[in-house]
Amino acid sequence: MEEVKVYGVWASPHSQKVIWALKLKGVKFDYIEEDLHNKSQKLLQYNPVYKKIPVLVHGEKPVAESVVILDYIEETWPENPLLPKDAYERAVARFWIQFGQEKSPTFHAFFRTAGEQQEKAVKEALEVLKILEEKGLGDKKFFGGNNIGLVDISFGWLAHWLEGMEEVVGIKLMEPSTLPRLHKWIKNFKEVPVIQENLPDPEKLLAYFKVLREKFVRDLPSNDQ
Amino acid sequence: MADEVILLNFCPSVFGMRIRIALAEKGIEYEYREEDLKNKSPLLLKMNPVHKKIPVLIHNGKPVCESLIAVEYIDEVWKEKAPILPSDPYQRAQARFWADYVDKKVYAAARNVWATKGEEQEAAKKEFIEILKVLEGELGDKPYFGGETFGLTDISLIGYYCWFYAYETFGNFSIESECPKLIAWAKRCMEKESVSKSLADPHTVYDFVLGVKKRLGLE
């Protein structure tokens with residue numbers, strides 16, 4: 001059995017996605033916490049193109065980019081499948097994963113800006129969440145159906161990171177009255193034992209978001225503050 | 001029962017070209033429909049309600065949106081012929097990583113080359129060439145990105161080749177002089193009928209870009 005290593009950071013939902021997928025499949029791995037201000041030689045060697053976490057290393061073979069890593073995990077350890085068997089359903093799942101990727105700048109803007117720019121981001125973010133709820137989730141318990149899958153994992157950040165961001169920014173996006181199905185999904189998602197046992201401490205995350213938000217606001221051009 | 005395959009496309013789209021190449025590689029018969037992007041068809045809006053964009057592959061009435069997803073879908077459904085992804089999970093991960101790199105980097109950088117002027121354009125050209133050089137580095141001395149056989153990463157990138165004439169003309173530079181190995185790779189790909197029949201004519205692309213520049217006041 002070849003060794004599996006994951007290079008990540010505790011606060012990143014992208015490293016958490018990889019950890020969730022491995023744990024859901026019962027794959028043993030070593031986790032290495034990176035300091036993003038002082039990246040290890042190993043990380044730079046394993047991901048020379050982007051120099052980012054997460055990176056999965058299987059044997060001595062590195063895989064970078066969380067979407068690519070999740071596909072690799074699914075194909076290497078097919079037990080407890082996280083993608084549908086049917087090719088069409090798989091294409092639909094991949095569509096929603098990509099949708100989430102494409103829309104991340106909107107949520108970045110929500111967290112990193114203020115004033116008019118932030119108002120615009122809030123409006124866009126709400127539209128994105130509405131589409132996700134209506135067309136992605138629908139009336140299903142999970143995006144994956146009765147059990148969680150890669151799409152749920154990809155949107156896991158909505159279930160735990162978003163509330164910290166909302167609190168620090170002082171704007172709520174995930175209102176139970178406007179997004180009731182997503183709200184319910186969050187509750188169901190966090191009740192899955194592997195997820196519940198593998199979430200960063202919310203207090204620690206909140207403190208982390210506070211520091212980050214202060215820095216972003218400080219760095220904004222003065223007329224945007 | 002015969003499969004019904006329709007492709008909703010817009011001829012200059014590099015993304016549409018990916019699907020056309022995949023369909024041609026597999027020898028799949030399909031109906032090609034050219035969309036007028038200023039007057040999108042009800043079918044397009046129905047089949048891609050989230051993004052309302054081309055290309056859309058419609059297989060027996062069911063839409064697959066996003067070009068790389070459609071290419072993987074084609075590979076999985078018509079798996080007997082001309083595999084597009086390798087069978088080994090690690091090699092598949094590499095192919096997907098580089099196709100994703102193309103998606104993350106090439107489109108935006110290329111657009112800046114033809115959509116800007118002066119200093120901004122010089123910076124854009126520099127960035128664009130840097131990205132192509134990374135790809136050239138990854139290609140190395142292999143005939144194709146995946147090695148001996150034409151595959152996903154090649155398909156993700158080759159469509160841009162028919163846009164090079166437009167980039168070079170508007171940017172006043174030569175891509176071949178900077179990235180000769182990449183151009184050699186592109187010409188090798190063009191020897192495949194699936195590629196040469198799927199790429200748009202560079203002059204058609206040039207005229208299209210000129211039209212966009214005029215419309216956006218970017219001349």
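This is a predicted model: local features need pLDDT of at least 70, side-chain atom pairs count only at pLDDT 80 or more; totals for chains, interfaces and linings use all residues.
Me: Which residues of chain B carry the annotation "domain: GST C-terminal"?

Reply: The UniProt annotation, again from an unreviewed entry, covers residues 88-208 of chain B. That span is 74% helix and 0% strand, with its end C-alpha atoms 40 Å apart.

Me: Where does UniProt place the feature "domain: GST N-terminal" in chain A, and how much helix and strand does residues 2-81 of chain A hold?

Reply: The unreviewed UniProt entry places the feature at residues 2-81 of chain A. Here the chain is 36% helix and 21% strand, and the end C-alpha atoms are separated by 20 Å. For chain B, the UniProt record (unreviewed entry) gives residues 3-82 under that name; this span is 38% helix and 21% strand, with 18 Å between its end C-alpha atoms.

Me: In which sense do strand E3 and strand E4 of chain A pair?

Reply: Strand E3 (residues 55-58) and strand E4 (residues 61-64) of chain A pair in the antiparallel sense, over 4 bridges.

Me: Which residue of chain A has a positive phi although it is not a glycine, and which residues does a cis peptide bond join in chain A?

Reply: The general idea comes first: most residues other than glycine have a negative phi, and most peptide bonds are trans. In this structure, Asn80(A) has a positive phi of about 50° without being a glycine. Asn80(A) belongs to the loop between H3 and H4 of chain A. A cis peptide bond joins Ile53(A) and Pro54(A), with omega about -5°. Pro54(A) is located in the loop between helix H2 (41-46) and E3 of chain A. In chain B, a cis peptide bond joins Ile54(B) and Pro55(B), where omega is also about -5°. Pro55(B) is in the loop between helix H2 (42-47) and strand E3 (56-59) of chain B.

Me: How much area do chain A and chain B bury between them?

Reply: The size of an interface is often given as the accessible area lost when the parts come together. Chain A and chain B bury about 2300 Å², of which 66% is on carbon and sulfur atoms. Within chain A, Tyr50(A), Tyr88(A) and Phe95(A) lose the most area to chain B, together 27% of what that side buries. In terms of contacts, 24 residues of chain A touch 25 residues of chain B.

Me: How many salt bridges are there between chain A and chain B, and which elements supply the side of chain A that touches chain B?

Reply: The count is 7 salt bridges between the two chains. Among them, the side chains of Glu75(A) and Arg96(B) meet at 2.9 Å, N to O. On the side of chain A that touches chain B, E4, helix H3 (66-76), helix H4 (87-102) and helix H6 (115-137) each supply at least two residues. H4(A) gives the largest share, 10 residues. By type, the residues of this side divide into 14 nonpolar, 2 polar and 8 charged.

Conventions:
Residues are numbered from 1 along each chain as its sequence is written. Chains are lettered from A and ligands numbered from 1 in the order in which they are written. Side-chain values use heavy atoms; hydrogens and water are left out. UniProt positions are given in the numbering used here, feature names are shortened, and annotations may be inferred rather than shown by experiment. Two strands pair if DSSP finds at least two bridges between them. Contact means heavy atoms within 4.5 Å. Buried area is the accessible area (1.4 Å probe) that two parts lose on being put together, summed over both. A salt bridge is a side-chain nitrogen of Lys or Arg within 4 Å of a carboxyl oxygen of Asp or Glu. Ala, Val, Leu, Ile, Met, Phe, Trp, Tyr, Cys and Pro count as nonpolar, Asp, Glu, Lys and Arg as charged, and the others, Gly among them, as polar.
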